[in-house]
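Reader: Can you walk me through this one? I'd like the sheet, the helices and the charged pairs.

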Amino acid sequence: MSDPSPHILVVDDHRDIRETLARYLIKNGLRATTAESAAHARKALKAASIDLVVLDIMMPGEDGLSLCRHLVETGALPVILLTAMADETDRVIGLEIGADDYVTKPFNPRELLARIRAVLRRTSQVPKDRDPIDQEKLSFEGWMLNIGKRELHGPDGDVVPLSSGEFQLLCAFLKRPKMVLTRDQLLDLTTGRAPSVFDRSIDNQVSRLRRKIEEDPKDPRLIKTVWGGGYMFTADVTDGA
């Protein structure tokens, strides 16, 4: 029987940090794999099923922000960044591109463990992608989203420009058609962060996306509002062009 405990990938070029953290996580009931670079992390991700990545920003070669961007764009794998105390700009960039949280070095392992468990709890409540799915192209109602190129083609073949937020939101809908997604879940799927009480950014993004794909944005057919629930993408979605 396979081990059901969450599997954490610790990516840090400092051996003492990654090995000590991995031992601590294992001691506290998690599984842990280590990687000393982004290149090694990519190999580990192909070799094992990982539930969350703890990722150092400052590494030789490909840095953590580049790897974080790749992880966010190619899947829904949660990421917690490890940052130096002075790297405020990198922390902001990391959150903007989709990291779920960050911890500054030197960090308390208990705090990091608590953050890992909080992120795992939150992301486990997000509906999974539909299965099977072609991650490159998704089509609906004459529209086609090329995920690899980040391009939305309209029924007339023209490319409709999307902001980064609109692209992430449309991806979330197309990968979970005919499923009610709450605002909290959509925030997790698109920005990787917990919502604030007054956060209406998802409503604004939905309104902008509707103006681009709906025949009548005031009477939307594709993105329906579910009162008291959130939003649902109602169209059939197919893989490929």
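This is a predicted model: local features need pLDDT of at least 70, side-chain atom pairs count only at pLDDT 80 or more; totals for chains, interfaces and linings use all residues.

Author: What follows goes through ground rules, salt bridges, helices and a sheet.

Reader: How many salt bridges does the structure hold?

Author: Eleven. The criterion is a side-chain nitrogen of Lys or Arg within 4 Å of a carboxyl oxygen of Asp or Glu.

Reader: Which residue forms a salt bridge with Asp 56?

Author: Lys 105, with the closest N and O atoms 3.2 Å apart. Asp 56 lies in strand E3 (residues 52-56) and Lys 105 in strand E5 (residues 101-105), so the pair ties together parts 49 residues apart in sequence. Helices (H or I, at least four residues) and strands (E, at least two) are DSSP runs, numbered from the N terminus.

Reader: Asp 56: buried or exposed?

Author: Buried, with a relative accessible area of 4%. Lys 105 is buried as well, at 19%. Buried means under 20% relative accessible area, exposed over 50%, and partly exposed in between, with a 1.4 Å probe and protein chains only.

Reader: What is Asp 56 linked with in a network?

Author: Asp 12 and Lys 105; the three are linked by salt bridges.

Reader: And Asp 101, which residue does it bridge to?

Author: Arg 115, at 2.9 Å between the closest N and O atoms. Asp 101 sits in strand E5 and Arg 115 in helix H5 (residues 109-124), 14 residues apart. Asp 101 is buried, with a relative accessible area of 17%. Arg 115 is partly exposed, at 28%.

Reader: What about Glu 36, which side chain does it meet?

Author: That of Arg 18, in a salt bridge of 3.5 Å, N to O. The pair links distant parts of the chain: Glu 36 is in the loop between strand E2 (31-35) and helix H2 (38-47), and Arg 18 is in helix H1, 18 residues apart. Glu 36 is partly exposed at 40% relative accessible area, while Arg 18 is buried at 7%.

Reader: Stay on H1. How many residues, and what reach?

Author: H1 (residues 15-27) has 13 residues and reaches 18 Å from its first C-alpha to its last. That is close to the 18 Å expected at 1.5 Å a residue. The expected span is 1.5 Å times one less than the number of residues.

Reader: Which residues of H1 are buried?

Author: Arg 18, Leu 21, Ala 22 and Leu 25. They cover an arc of only 105 degrees around the axis, which puts them on the same side of H1. The arc is that of the directions from the helix axis to the C-beta atoms. The face turned away from the buried side carries the exposed residues Arg 15, Asp 16, Arg 23 and Lys 27. Just after H1, Gly 29 takes a positive phi of about 90 degrees.

Reader: Which residues are buried in H4?

Author: Asp 90, Arg 91, Gly 94 and Ile 97. Down the axis of H4 they fall within an arc of 135 degrees, so they line one face of the helix. They pack against H3, E4 and E5; contact means heavy atoms within 4.5 Å. Glu 88, Thr 89 and Glu 96 are exposed on the face turned away from the buried side.

Reader: H3 next. What is buried there?

Author: In H3 (residues 64-74), the buried residues are Gly 64, Leu 65, Leu 67, Cys 68, Leu 71 and Val 72. Their arc is only 160 degrees around the axis, which puts them on the same side of H3. Their cover includes H2, E3, strand E4 (79-84), helix H4 (88-97) and H6.

Reader: Now the sheet. What is the order of the five strands?

Author: E9-E8-E7-E6-E12, an open sheet with antiparallel pairing. Two strands pair if DSSP finds at least two bridges between them. Strands E9 (159-160) and E12 (238-239) stand at the edges with a single partner strand each, so one side of each is left without a neighbour in the sheet.

Reader: How many bridges join E7 and E8?

Author: Three, between E7 (residues 143-146) and E8 (residues 151-153), in the antiparallel sense. Leu 145 stands opposite Leu 152 in E8.

Notes. Residues are numbered from 1 along each chain as its sequence is written. Side-chain values use heavy atoms; hydrogens and water are left out.
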